Amino acid sequence: MATSGHFFAKSDRLYNVEDSLQENGSARESLAYSARIEIGLKTFLDNGGFKAFTDNFQNLNGIKQLPGLAVQRLMEQGYGFGGEGGWKTAALVREVKVMGYGLPNGSSFMEDYTYDLDEQNQVVLGAHMLEVCSSIAKEKSTLAIRPLGIGGKADPVRLIFSSKAGKAVNATVVDMGDRFRMVVADLDAIASPNPMPNLPVGHAFWKLQPNFDVGTQAWILAGGAHHSVFSLDIDADMLRMFAEYFGIEFIHINQNTELPQLKNELRWNDLAYKFTK
């Protein structure tokens, strides 16, 4: 079984550890506590044969800090995760991790965090309050402790990094009542357009296809969810095959997407699924 000693030996080698979290640092005990959360979660998952999990910061009773670092490290090991009770996202993260096993660029739980609406360079900042997988990091992550204004607990430890650039996708699964729908959007992940020294979480920047206006409208029209899976390894064709195998409706937002055609596709799909029950 893993121990906090093993954790410390690895963390000092794998990450740029801030001074307060190093041996004899003022917040070293917070790092030790985070290690115990990770060991406990992994033991629970493995003993139950579980490959994915979710939590909710509003009802994590009995722990001193939210499991940010623990979730990040478990995702990097291949477990699925979805925030705030998002079991469908947790399952999809696990599925994408399996599809991308051995590939170099990574996949993660993700959220559209905010938008830069500069008309000349409209981009999306993807992040979450803690739980973004460092498999997508472009360089060695920083192991840090920062305040968190929600959850009502002690400052959590987390990994801070920027994502690699390249071709990427966002994918989500939504419950349509009579079926599941997978929505996949092609993205162009880009380097951070500006230094982000005060952004205390793992994050990614991307541009939407075919453009910001159509991409955002298409995601909303298709019912795209608040949380998604971001992948630099998996493409839409792989996800389409997965969806077809399990009988999941598939909507693909890409360079050729036009809103009138997408609206028609959604209408036709509704009819098709009603008549094929």
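Which residues lie nearest the centre of the largest pocket? In this predicted model, the residues nearest that centre are E76, K97, G100, Y101 and G102, and they belong to a lining of 18 residues.

**The largest pocket and helix α3**

- The largest pocket has a volume of about 310 Å³, and the elements that give two or more residues to its lining are α3 and α4, the latter spanning residues 87-99.
- Of the elements, α4 gives the most to the lining of the largest pocket, with a contribution of four residues.
- Helix α3 is mostly covered, since eight of its nine residues are buried; the buried residues in α3 are G68, L69, A70, V71, Q72, R73, L74 and M75.
- After α3 comes G78, a residue whose phi is positive, with a value near 110°.

- Q65 is found in the loop that runs between β2 (52-55) and α3 (68-76).
- Q65 counts as buried because its relative accessibility is 3%, which falls under the 20% limit that is used for that class.
- The side chain of Q65 reaches two backbone atoms, namely the oxygen of S30 at 3.1 Å and the nitrogen of V157 at 3.2 Å.
- When its neighbours within four places in sequence are left aside, Q65 is in contact with S30, Y33, S34, I37, K153, A154, D155, P156 and V157.
- V157, whose backbone nitrogen is reached by the side chain of Q65, is itself one of the buried residues of strand β7.

**The three-stranded sheet β1-β6-β7**

- Three strands form an open sheet in the order β1-β6-β7, and the pairing within this sheet is mixed.
- The edge strands of the sheet are β1 (16-17) and β7, each of which pairs on one side only.
- β1 and β6 pair in the parallel sense over two bridges, and within this pairing the bridge partner of N16 in β6 is T142.
- Strand β6 (residues 142-145) and β7 run antiparallel and are joined by four bridges, with T142 standing opposite I160 in β7.

- Strand β4 (residues 107-116) and strand β11 (residues 227-231) pair in the antiparallel sense over five bridges, and the bridge partner of S108 in β11 is F230.
- β4 is also joined by five bridges to strand β5 (residues 123-127), again in an antiparallel arrangement, and the bridge partner of D116 in β5 is V123.
- β4 and β5 form a hairpin that has six residues between the two strands.
- β5 and strand β10 (residues 203-208) run antiparallel and are joined by four bridges, with A127 having H203 as its bridge partner in β10.
- Five of the five residues of β5 are buried, and both of its faces are covered, with V123, L125 and A127 on one side and V124 and G126 on the other.

- E139 and Y15 are 124 residues apart in sequence, while their C-alpha atoms are 9.7 Å apart in space.

**Regions listed in the UniProt record**

- UniProt, in an unreviewed entry, places the feature "domain: L-arabinose isomerase central" at residues 11-102; over these residues the chain is 51% helix and 11% strand, and the end C-alpha atoms are 22 Å apart.
- For "domain: L-arabinose isomerase C-terminal", the unreviewed UniProt entry lists residues 106-249; over these residues the chain is 14% helix and 39% strand, with the end C-alpha atoms 25 Å apart.

Definitions and conventions:
Residues numbered from 1 in each chain as written. Predicted model: local features only at pLDDT ≥ 70, side-chain atom pairs only at ≥ 80, totals over all residues. Heavy atoms only, no water. Buried < 20%, exposed > 50% of the residue type's maximum accessible area, 1.4 Å probe, protein only. Pairing = 2+ DSSP bridges. Polar contact = N/O pair within 3.5 Å; in protein donor to acceptor, adjacent residues only side chain to side chain. Contact = heavy atoms within 4.5 Å. UniProt positions renumbered as here; feature names shortened; annotations may be inferred. 1 Å grid on protein atoms, 1.4 Å probe; cavity = no way out; pocket = protein on both sides within 12 Å on 5 of 7 lines; lining within 4 Å. Points joined across faces, edges and corners; volume = space filled by probe spheres on them.
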